Amino acid sequence: MHDVVGIGIGPFNLGLAALSAPVADLDAVFLDAADEFRWHPGMMIEGATIQVPFLADLVSMADPTSPYSFLNHLKATGRLYPFYIRESFYPLRAEYDAYCRWVAAQLPSLRWGRRVVGLEQEGDHYVVTTDRGETYRGRHVVLGVGTQPVLPETVHGPVVHSADYLTHRDALRAAGSVTVVGSGQSAAEIYRDLLGTTGRLDWVTRSPRFFPMEYTKLTLELTSPEYTDHFHALPAPLRARLGREQRSLYKGISGDLVDDIYDTLYRLSLDGPVPTTLLTDTEVLGAAWDGGAFTLTLRHAQLDQVHERRTDALVLATGYAAQVPDFVLGIRHLLDWDDTGRFAVARDYSVDGGRGRVFVQNAEEHTHGLTAPDLGFGAWRNSSILASVTGREIYPVERRIAFQEFGVPADAVVGGVR
């Protein structure tokens, strides 16, 4: 009998495992179908960095003294001084992956190569079954199964999602023409990586412009506990609208990368026109594959004009979405759901009607906003989950960190009444 059974070992549940490790009276085990930890292997483009500072590691924002911190990883691997001299807060993406692997190698609570196939309630605990026929019993369950690539239903043929980019990069570079679709960091990184290496390269985004990720300090306060409280308390339709409006805050492109793309285009143009077209405010209505190339049906939103374009290869950087895994069906009747079939996630990240026994990680963007996928907020969420599980704050849970108010101030006069 375990106190916690974690299902899925991505960065968030890996962080929970690391924060659980020093707690003597907490027994936790974590299961994953993969044979080892791998973080976005298809996007390990040379030189790419993560978009959050190194303090957004697995543990530091909960426990800066943890032996599982990124800085301790650098010290243990002889890279602390080079990182210091580099003078950048943003680790390389491959470096972050290596750090997570380093942490994973030290945690005996992780069980790899175990696909969860069943989840049932039995008395006052849950029984988790794996494809090996094993059973794990836990008083609490934390679902951290991650998100899955999103592919538009109107696109058909041998498309490449950004999640698998590196696997197909050589074939893409050999293609006569490539079109990249998407508006975020992944699309920009792939476009920059292919620029100058293919016959023709186009970039299509339905965004009105190539939005840089907003990283001003007062805007960053939207990743605070206070704003999460405010967002969670809003009506669902308003949360949905805000979620769309706030995408550039965390799904935009690094400003340095935008500038690098322009500088590269400028450099390549010294030899004549660059064989590339960048299309903004343009939606892909469909893509038909004829066995040799795609015919894209595109619509320009401002002009409301539809046109077609041919391309040999198509890369979709169309993002990821949370999924409800099939094994959850065994306890579906015990969980809370919204009108669209998504988890109705309580403020404490539980989904079991306030009992505080089943929690989710990064499946709550529709209820908690932009902190859900934020690596920097993972340690806070894990601190909150551990407080719910143990009944005490093992790691202090900050409740007010922002200078601004996100709703009506408590001392405001509303309708003439204070």
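Let me start on the surface: Tyr81, Tyr84 and Ile85 make up a nonpolar patch there, and their accessible area together is about 440 Å². A patch takes residues with over 30% relative accessible area and no salt bridge; like charges are joined within 9 Å, and nonpolar side chains (Val, Leu, Ile, Met, Phe, Trp, Tyr) within 5 Å. The areas come from the Shrake-Rupley method with a 1.4 Å probe, and for residues only the protein chains shown count as cover.

Before going on, a word on the source. This is a predicted model, where local features need pLDDT of at least 70 and side-chain atom pairs count only at pLDDT 80 or more, while totals for chains, interfaces and linings use all residues. Residues are numbered from 1 along each chain as its sequence is written, and side-chain values use heavy atoms, with hydrogens and water left out.

Tyrosine 81 belongs to helix α3, residues 80-86. Helices (H or I, at least four residues) and strands (E, at least two) are DSSP runs, numbered from the N terminus. Is tyrosine 81 buried or exposed? Exposed, because its relative accessibility is 58%. The cut-offs are under 20% relative accessible area for buried and over 50% for exposed, with partly exposed in between (1.4 Å probe, protein chains only).

Next, the aromatic rings. How many aromatic pairs does the structure hold? There are 16. Rings of Phe, Tyr and Trp (its six-membered ring) pair if their centres lie within 6.5 Å; planes under 30 degrees apart are stacked, over 60 edge-to-face, and the rest tilted. Tryptophan 203 is buried, at 2% relative accessible area.

A tilted pair is also formed by tyrosine 227 and phenylalanine 231, with 6.2 Å from centre to centre and 45° between the planes. Both residues lie in helix α8 (residues 225-232), 4 residues apart, which is about one turn of the helix. Tyrosine 227 is buried at 6% relative accessible area, and phenylalanine 231 is buried at 1%.

There is also an aromatic cluster, made of Trp39, Phe54, Phe70, Phe83, Phe89, Tyr96 and Tyr99.

Now the charges. By the rule that a side-chain nitrogen of Lys or Arg lies within 4 Å of a carboxyl oxygen of Asp or Glu, the count is 23 salt bridges. In one of them, arginine 139 meets aspartate 3 at 3.0 Å, N to O. Arginine 139 is in strand β6 (residues 135-143) and aspartate 3 in strand β1 (residues 2-7), so the bridge ties together parts 136 residues apart in sequence. Arginine 139 is partly exposed at 36% relative accessible area, whereas aspartate 3 counts as buried at 18%.

Aspartate 193 and arginine 169 also form a salt bridge, with the closest N and O atoms 2.9 Å apart. This pair links distant parts of the chain, with aspartate 193 in helix α6 (residues 185-194) and arginine 169 in helix α5 (residues 165-174), 24 residues apart. Both count as buried: aspartate 193 at 14% relative accessibility, arginine 169 with a relative accessible area of 13%. Which residues do shared partners join into one network? Glu46, Arg169, Arg173 and Asp193, through their salt bridges.
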